[in-house]
Amino acid sequence: MKSNLYLISLGVFFLACQLRAQYLNEAPAEAVGISMDHLEILDDHILGYIDRGIIPGGIFLVARRGKIVFYKSFGSRSVEGRPYEKDDLFRLASMTKAITSVAIMQLYEKGKLGLDDPVHYYIPSFADSRVLGQFNEADSTFTTEEVIRPITIRHLLTHTSGITYGDFNPGKLQAVYEKFELNGVGLYHDLWTTEEFVDRIADVPLAFQPGSQYLYGLNMDVLGRVVEVVSGMELDAYFEKNIFEPLGMRDTYFHLPGEKHSRLVPVYSQEEDGEWVMLENGGIALKADYPKMSDNQHYAGGGGLTGSTMDYAQFLQALLNGGELNGRRILSRNAIETMTSDQLIVQNKNGKGISTIPGVSFCLGFLLYTEDGAGISMKSPGTFEWGGYFNTKFFIDPDEELIFVGMTQVLPFQRPDFWDRMYNIIYGSITD
């Protein structure tokens, strides 16, 4: 009798494992409430933009209720016509921020840090933070003022700390960041470790009093260093142990192993005659091939990761599932609910948030659509999303149980309608 019970229990266990392992398998679209006839319009949409020379190609994935309904590669990743492949690797850039945010929330739910803790608890160099005062355009000299309140972990997660990107703010902020050699270093630096990089950020005067307004910046790089200090692990090792390995993300790295260099797609730019050319240097990127650089213990929590489309989809699916994928949990449901709650209600009302459009806000690490924005697009209230510098995108729509990952590598990219129309097609395919 005991033997039979054991065999039954073992059978139930293996059946449960099989059911869990079905996440992100491809399935008939109709089985998850998607019209494949409508979704296939995506093919024509993407190919049309390729034919018109707006993108060279890329990889796009849509999954609903844990099932992949669209996962295709389009176009050529080389001027010689080499096609994009599903296992190609892309510079995630600011899509790294979502992973750093999850790492912080892991430490938060374990009682290792508080969201409203001053960051100087963990990085002492921030104890002396000051705010930019008067600026002299003639010689770029400036005065500073005392902070009213210290920078907190929450300020960093919401980009309300006063730390910014000098590259994206021409004028006095760009000039100040240039004085500290902090322009063009958001992805990799060949000399500074993470600790050295973040201590330099701490020296720069803040653009405004912490908490008073939103301004996108190097905040997640600081949080990456917080993860290192609190966990006692370098950021790459922390990500590998606590996020990548549990979720089966086998192709996501700060520094690519040599055997995977050939899978890194080039970054493209477009000349005036419309010809695509590979980009060697560009803006915030030290070099377009920075993922192949040697590991010098600089791990940019705000933009340094490179990975595959499927790896990132596994990460998104875990968040959609309430923190778990295929029986491996990386975050609690309550932590995700906290992470995806509106954090900029006051700033948005004062006109100093991420947007003056009602319903477009920011949570802990992501842009967020709220109830006030119903009708802005077909995305449901509660959808959270972000993108990357090299023209990558993702979103998670909990109401529709929908995730999307789009990977291209184009810089600059000036046609957001490519993405907007793609989203309309995806949502238009939902039948229930």
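Mentor: Arg91, Pro266, Met278, Asp289 and Lys292 lie nearest the centre of the second largest pocket, and they belong to a lining of 14 residues. A pocket, on a 1 Å grid over the protein atoms alone, is an open set of points with protein on both sides within 12 Å along at least five of seven lines, and a lining residue has an atom within 4 Å of a point. This is a predicted model, in which local features need pLDDT of at least 70 and side-chain atom pairs count only at pLDDT 80 or more, while totals for chains, interfaces and linings use all residues. Residues are numbered from 1 along each chain as its sequence is written, and side-chain values use heavy atoms, with hydrogens and water left out.

The second largest pocket has a volume of about 220 Å³, a volume being the space filled by probe spheres set on the grid points, which are joined across faces, edges and corners. Its lining divides into seven nonpolar residues, one polar and six charged; here Ala, Val, Leu, Ile, Met, Phe, Trp, Tyr, Cys and Pro count as nonpolar, Asp, Glu, Lys and Arg as charged, and the others, Gly among them, as polar.

The largest pocket has a volume of about 730 Å³. It is lined by 37 residues, and Gly387, Gly388, Asn391, Lys393 and Trp419 are the closest to its centre. Strands E13 (367-369), E14 (384-388) and E15 (392-397) and helix H13 (417-428) each supply at least two lining residues, and H13 gives the most, with five. Helices (H or I, at least four residues) and strands (E, at least two) are DSSP runs numbered from the N terminus. By class, the lining of the largest pocket has 21 nonpolar, 10 polar and six charged residues.

In H3 (residues 41-51) the buried residues are Leu42, Asp43, His45, Ile46, Gly48, Tyr49 and Ile50, where buried means under 20% relative accessible area, exposed over 50% and partly exposed in between, with a 1.4 Å probe and protein chains only. The loop between strand E16 (402-407) and H13 holds Pro412, and a cis peptide bond with omega of about -5° joins Leu411 to Pro412.

Gly388, named above for the largest pocket, also touches Leu92, as do Thr252, Leu305, Thr306, Gly307, Tyr312, Thr392 and Met407, leaving aside residues up to four places away in sequence; contact means heavy atoms within 4.5 Å. Leu92 sits in the loop between strand E4 (89-91) and helix H4 (96-109), and Leu92 counts as buried because its relative accessibility is 1%.

The structure holds one cavity of 30 Å³ or more, and the largest cavity has about 30 Å³ of space. Phe254 lines it with Leu187, Tyr188, His255, Tyr290, His298 and Gly304, which divide into four nonpolar, three polar and no charged residues.

Note on methods. 1 Å grid on protein atoms, 1.4 Å probe; cavity = no way out; pocket = protein on both sides within 12 Å on 5 of 7 lines; lining within 4 Å.
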